Amino acid sequence: VFIYYKTYRQELFENTLTAKAQVVSSLYFEGNPDALISKIIDRRDQLTLFDERLMLVNPHGEVVYSSVKGSELYRLKFYYKRLQDFKRNYYIKDGNYEMVIGQFYNKNRKITVVIEAVDFIGNSKLENLKSILVFGSLFAFFLSLLFGMLFSDFTLRPIQKLINQIRDISGQDVDKRLAVGNNSDEISHIATNFNLLLDRIENVFINQKNFISQASHELRTPLAIVLANLEVTFKENNLQITKKNIEKSITEIKKSIDLTNGLLQLASINRVSSITMQNLRMDELLLDALQKVQEKYPKSPLNFNITPLPEEDTSGYETKGNKILMSSVLDNLLDNACKYSDSKQVVISIYKEEKFIVVEVQDNGIGISEEDLKKIYEPLYRGNNAGEYKGFGIGLSLVNKILLLHNSIMEVTSELGAGTKVKVKLPVVQ
């Protein structure tokens, strides 16, 4: 605004000086120069300028009229001589004074008018505008600062309230939730999503508590049995009974070792961030797993189906993974199928589906209820109908974590009393 008005004032005053020079030249061409020019200079009309200085020069370079003398006249002559060869009106600004040197013609006559003055009113307005802009800007700044502080306090109040609520939530009361509010602004969305996070954390806490409780129970039971057997054996003199109690104790200790190994394996998988990968032939690993499970469950009939690959398929049943972990996946799946089938037929299939190798294990065992199916990946969780079968509920949880590390998918479908089908999809090597 200031620069624009400053330019406008300069142009306006230049036009005023030019207009005054043109009036003076017209008076000069109309009659007696000295009388007419003295008349307009002495008269206080609308074109009278503050501290005006005027000089007229004829074509021969002679000063025909001057309103000033001495150093002021010398100054006008200096600028005239410096710019006497110009072919247009010339504008000069020197300090507070502004000057216009113009040439005017009337038929064969020519006159050069040098006029300067001070734009007292324009400069006063400019200074006044500068003061208004400076103080107005300062006032606007502090006003904006004040309203900004008030507005920020008003705006941040819900966030501070949210922070206070979050601060009050500890590990002992993860069931607390944040107030959502009107559920239409960003603060409400943050509160809603934080509540969802708390839901997930609470589930983790509950699962952890259940895990600890179940693990403690599973470990305490065999240890209690071993202790009771040892106490009985210590008091018993019958060698046959003593031998029987020792055998029971060994069995329970083996159970504890198996459970401990399973828990350690599960914990080690949870800590793994990266694993060593290599190209694996899933058909070969599956045959090895079938051989091991057949030896463990000789009465279980196993039906193995492998879909022939087309000749142009050079990749075969090859995927990228860790051999030990992938063998553990197949061992657990086949072991569960045989264990819960009560010597009924188990069908194992391997085939390709788009860009995946699919390993499918179908049994005709006890099945899983819809309620239990939602919790099959929780460590140490066992279905209500699995109590009479040996196990700790670690297998599927371990399998799921291993497959996640391999960017693979597991789908489990089951019907209570009608069997279970597990479908594992592994990415094909590209």
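**Figure 1. Pairing of strands S1 and S5.** Strand S1 (residues 50–57) and strand S5 (residues 109–118) run antiparallel and are joined by six bridges. Arg 53 has Glu 116 of S5 as its bridge partner. Strands (E, at least two residues) and helices (H or I, at least four) are DSSP runs numbered from the N terminus, and two strands pair if DSSP finds at least two bridges between them. The model is predicted: local features need pLDDT of at least 70, side-chain atom pairs count only at pLDDT 80 or more, and totals for chains, interfaces and linings use all residues. Residues are numbered from 1 along each chain as its sequence is written, and side-chain values use heavy atoms, with hydrogens and water left out.

**Figure 2. The five-stranded open sheet.** The strand order is S2-S1-S5-S4-S3, with antiparallel pairing. Strand S2 (63–66) and strand S3 (90–94) are the edge strands, each pairing on one side only. From one strand to the next, the twist averages 15 degrees.

**Figure 3. Aromatic pairs.** Rings of Phe, Tyr and Trp (its six-membered ring) pair if their centres lie within 6.5 Å; planes under 30 degrees apart count as stacked, over 60 as edge-to-face and the rest as tilted. The count by this rule is five aromatic pairs. One of them, Tyr 28 with Phe 29, is edge-to-face, at 5.6 Å centre to centre and 70 degrees between the planes. Tyr 28 is buried at 11% relative accessible area, and Phe 29 is buried at 12% (buried is under 20%, exposed over 50% and partly exposed in between, with a 1.4 Å probe and protein chains only). Phe 50 and Phe 120 form a tilted pair, with 5.2 Å centre to centre and 35 degrees between the planes. Because Phe 50 lies in strand S1 and Phe 120 in helix H4 (residues 120–168), this pair ties together parts that are 70 residues apart in sequence. Phe 50 is partly exposed, at 49%, and Phe 120 is partly exposed, at 49%.

**Figure 4. Crossing of helices H7 and H8.** The axes of helix H7 (residues 282–296) and helix H8 (residues 323–339) come within 9 Å and cross at roughly 45 degrees. Axes are lines fitted to C-alpha atoms, for helices over the stretch in contact, and angles run from 0 to 180 degrees between N-to-C directions. H7 and H8 are therefore oblique to each other (angles under 35 degrees count as roughly parallel, over 145 as roughly antiparallel, 65 to 115 as roughly perpendicular and the rest as oblique). Residues of H7, including Leu 286, Leu 290 and Val 293, meet residues of H8, among them Met 326, Leu 330 and Leu 334, where contact means heavy atoms within 4.5 Å.
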